[in-house]
Amino acid sequence: MEAADEEKAGNGRNGHAEGPAAAERGGGGRLRGCRGFLRRNALVVLTVSGVVAGVALGAAVRGAALGPAQVAYLAFPGELLLRMLRMVILPLVVCSLVSGAASLDTRSLGRLGGIALAYFLGTTLLASGLAVALGFIVRPGAGASALNAPGLGLPGAVPTGKETVDSFLDLVRNLFPANLVAAAFRTYATEYKMLLRNTTSGNVTWEKIPVGTEIEGMNILGLVLFALILGVALKKLGQEGEDLIRFFNSFNEATMVLVSWIMWYVPIGIMFLVGSKIVEMEDIVLLVTSLGKYIFASILGHFIHGGIILPLIYFASTRQNPYRFLLGLITPLATAFATCSSSATLPSMIKCIEENNGVDKRISRFILPIGATVNMDGAAIFQCMAAVFIAQLNNVDLNPGQIFTILVTATASSVGAAGVPAGGVLTIAIILEAIGLPTNDLSLILAVDWIVDRTTTVVNVEGDALGAGILNYLNEKEKKDKEQELKEVNVEAVANSKSEGETSPLVTHKNQVSNATSTADPESKESVL
């Protein structure tokens with residue numbers, strides 16, 4: 001009894017002593033958990049902080065009336081970020097596609113490529129249809145016919161006289177670059193030369209002759225196609241191509257290490273990019289009041305497509321939470337918002353989607369470079385909305401044929417559109433030419449492009465990422481189904497062999513007869529004969 005009382009007393013004393021200690025341990029555990037969360041998500045926190053700090057920096061410096069030279073100096077750290085990201089695009093795209101295509105068998109490559117193509121075309125068509133529908137509902141150009149470029153302090157008409165047929169022919173030509181080295185920094189484009197001709201009646205006519213030229217800009221479409229074909233060819237070589245495949249794999253991994261180092265500079269670069277852009281704004285109040293309905297309709301289309309339609313497609317395909325998937329991609333989405341370049345966002349997107357969301361490297365490095373080139377959901381919304389806006393601006397009622405032309409042309413022209421800031425503005429001219437609208441109002445689109453282009457790029461890269469997640473889920477599901485089928489086949493084979501050995505007298509009889517025949521001597525065989 002005394003021992004029991006002492007034990008109870010000891011427990012009581014220990015209990016009183018351990019109360020504050022347990023509370024301290026609980027507080028320390030929460031502190032360690034908070035530190036662990038910050039350590040794991042340090043880059044995300046810093047990136048979001050960079051965007052907020054950039055807005056504050058731009059608002060603070062805006063009143064200082066900086067000249068163009070001072071604004072250029074302010075944007076210099078952000079310019080360094082863009083240059084570093086563009087530096088790794090070429091090795092990243094080529095090496096990732098070669099290694100990705102070589103690591104997949106031909107059947108899987110064709111199946112995944114077909115699914116990806118269907119996803120890209122389907123989502124782009126949905127985006128185009130959504131933009132046209134919102135354009136007719138919101139009517140951003142109604143009552144805005146009094147707008148003019150000089151009144152807003154904008155330049156005059158943008159000189160764009162490119163024919164629709166030549167634009168699509170240039171797209172096909174760029175698929176097959178004549179010089180791979182030149183394709184790394186130059187793109188084929190058609191320009192026109194006016195030729196004076198005298199007719200027999202004495203009249204003078206001007207004839208527009210298409211002339212092929214090379215313009216600045218990476219021909220990423222041709223590089224993507226070449227890298228895919230090279231990867232398939234190396235796979236076909238078998239043992240002879242292993243060394244080159246290992247070279248591209250090593251090159252790809254080394255490039256990803258460079259990307260991981262560059263990512264720590266992203267918050268600083270984003271801060272100065274956003275801040276300098278806010279300082280550059282001329283009169284945002286006048287622009288927003290004049291073109292506010294167009295800005296609202298475009299951003300609303302991006303919000304509906306990126307926040308509702310694409311997550312619904314991901315959920316219907318995988319039965320998984322799409323917003324949890326997107327939570328791991330805050331850094332590349334913030335990079336897309338700040339840089340307005342889907343190509344510059346590609347390195348950080350590949351890194352985050354593999355590390356945070358567990359997407360297979362073979363899938364991400366095969367699909368994301370292709371998606372950054374051909375999947376432009378945000379650009380399709382932007383282009384269709386601009387076409388409807390300009391039609392309403394000029395009091396033109398679009399007929400069903402013109403609407404169909406807008407949908408098809410926007411979907412097709414978004415393929416291979418330049419993944420750089422303001423790259424989609426030039427493709428709007430193709431749509432306007434296709435439906436017979438004037439291009440002299442493009443300067444109004446350019447005036448607010450720096451606002452709309454940010455949400456455009458975010459939707460572009462979000463569509464690529466969700467597509468990679470869907471393909472990764474389908475690939476894992478097929479792999480599990482194959483493993484289950486192999487297990488079932490093995491179990492059935494073992495069961496069948498045992499049951500035959502135990503219950504089939506015919507098999508036993510045949511075996512015994514064969515054994516008896518095989519063990520009989522040749523003399524008995526001869527006597528029987």
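## A buried glutamate and its partner

Glu354 counts as buried, with a relative accessibility of 13% (buried means under 20% relative accessible area, exposed over 50% and partly exposed in between, using a 1.4 Å probe and protein chains only). In this predicted model, local features need pLDDT of at least 70 and side-chain atom pairs pLDDT 80 or more, while totals for chains, interfaces and linings use all residues. Residues are numbered from 1 along each chain as its sequence is written, and side-chain values use heavy atoms, without hydrogens or water.

What does the side chain of Glu354 meet in a salt bridge? The partner is the side chain of Arg365, at 2.8 Å from N to O (a salt bridge is a side-chain nitrogen of Lys or Arg within 4 Å of a carboxyl oxygen of Asp or Glu). Glu354 belongs to helix α15 and Arg365 to helix α16, so this pair ties together parts 11 residues apart in sequence. Helices (H or I, at least four residues) and strands (E, at least two) are DSSP runs, numbered from the N terminus.

Is Arg365 buried or exposed? Arg365 is buried, at 5% relative accessibility. The side chain of Arg365 also forms a salt bridge with that of Glu253, 2.9 Å from N to O. Here distant parts of the chain are linked, since Glu253 sits in helix α10 and Arg365 in helix α16 (residues 361-374), 112 residues apart. Glu253 itself is partly exposed, at 34% relative accessibility.

A further salt bridge joins the side chains of Asp360 and Arg362, 3.0 Å from N to O, and Arg362 is partly exposed at 30% relative accessibility. Through shared partners, salt bridges connect Glu253, Glu354, Lys361 and Arg365 in one network. The count of salt bridges comes to 10.

Asn252 is part of helix α10 (residues 242-262) and is buried, at 1% relative accessibility. Leaving aside residues up to four places away in sequence, Asn252 touches Leu92, Cys95, Ser96, Ser99 and Arg365 (contact means heavy atoms within 4.5 Å). Asn252 and Arg365 are 113 residues apart in sequence, with their C-alpha atoms 9.3 Å apart in space.

## Two helix pairs

Helix α14 (residues 330-339) packs against helix α15 (residues 342-355) at about 175 degrees, with the axes 8 Å apart. That makes the two roughly antiparallel. From α14, the contact draws on Thr331, Pro332, Thr335, Ala336 and Thr339; from α15, on Ala344, Thr345, Ser348, Met349 and Cys352.

For helix α4 (residues 76-87) and helix α5 (residues 89-103), the axes come within 5 Å and cross at roughly 25 degrees. The pair is therefore roughly parallel. Leu85, Arg86 and Met87 of α4 meet Ile89, Leu90 and Pro91 of α5. Angles under 35 degrees count as roughly parallel, over 145 as roughly antiparallel, 65 to 115 as roughly perpendicular and the rest as oblique.

## The chain as a whole

The protein chain has 22 helices and two strands, and 43% of its 529 residues are buried. Of the contacts between residues at least 6 apart in sequence, 83% join residues at least 24 apart.

Met194 is found in strand β1 (residues 186-198) and is partly exposed, with a relative accessible area of 44%.

Terms used:
Axes are lines fitted to C-alpha atoms, for helices over the stretch in contact, and angles run from 0 to 180 degrees between N-to-C directions.
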